[in-house]
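Please keep the sequence and the model in view while reading.

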Amino acid sequence: EKFIEAQVASGKYNSPQEVIDKMFLVFERLQSEYDEWVTETRAKIQEGIESLDKEGGMDGETVINELLERFQKAN
């Protein structure tokens, strides 16, 4: 309530309902963007899994050792 009152008092909005309407629009957009991000991320993960299945991957211990070497060289 205080947030809504502050927004109306700032002059940006004419009424509490206008603030609430705007909040719902923003929330709707954020939810849509989040849903899109989830869909894209799942697709990328699936691509990665398929790539690993086709081409194989590196052993986890090998990856860690290579990363440690890079960090040691950087220091």
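The notes below cover the helix packing, two individual residues and the salt bridge.

The structure is a predicted model. Two of its helices, H1 and H2, have axes that come within 9 Å. The structure also holds one salt bridge, which joins Glu 33 and Arg 29.

- Two packed helices are described by the angle between their axes and the distance between the axes.
- Helix H1 covers residues 2-9, while helix H2 covers residues 16-55.
- The axes of these two helices cross at roughly 110 degrees and come within 9 Å of one another. H1 is therefore roughly perpendicular to H2, because angles of 65 to 115 degrees count as roughly perpendicular.
- The crossing of H1 and H2 is right-handed.
- On the H1 side, the contact is made by Phe 3, Ile 4, Gln 7 and Val 8. On the H2 side, Pro 16, Val 19, Ile 20 and Met 23 take part.
- Sorted by class, the contact of H1 with H2 has seven nonpolar residues, one polar residue and no charged residues.

**Gln 7 in helix H1**

- Gln 7 lies in helix H1 and belongs to the contact with H2.
- Is Gln 7 buried or exposed? Its relative accessible area is 16%, so Gln 7 is buried, the limit being under 20%.
- Leaving aside neighbours within four places in sequence, Gln 7 is in contact with Lys 12, Tyr 13 and Val 19. Of these, Val 19 is one of the H2 residues that make the contact between the helices.

**Glu 18 in helix H2**

- Glu 18 lies in helix H2 and counts as partly exposed, at 31% relative accessibility.
- Not counting residues up to four places away in sequence, Glu 18 touches Lys 12 and Tyr 13. Lys 12 and Tyr 13 are also in contact with Gln 7.
- Glu 18 and Asn 65 are 47 residues apart along the chain, and their C-alpha atoms are separated by 57 Å.

**The salt bridge**

- Side chains of opposite charge can pair when their charged atoms come close.
- Which residue forms a salt bridge with Glu 33? The partner is Arg 29, and the closest N and O atoms are 3.7 Å apart.
- Glu 33 and Arg 29 are four residues apart in helix H2, so about one helical turn separates them.
- Glu 33 counts as partly exposed, with a relative accessibility of 45%.

Note on methods: Residues numbered from 1 in each chain as written. Predicted model: local features only at pLDDT ≥ 70, side-chain atom pairs only at ≥ 80, totals over all residues. Heavy atoms only, no water. Buried < 20%, exposed > 50% of the residue type's maximum accessible area, 1.4 Å probe, protein only. Contact = heavy atoms within 4.5 Å. Salt bridge = Lys/Arg side-chain N within 4 Å of Asp/Glu carboxyl O. Axes fitted to C-alpha atoms, helices over the stretch in contact; angles between N-to-C directions. Parallel < 35°, antiparallel > 145°, perpendicular 65-115°, else oblique. Left-handed = near helix turned anticlockwise from the far one by under 90°. Nonpolar A, V, L, I, M, F, W, Y, C, P; charged D, E, K, R; others polar.
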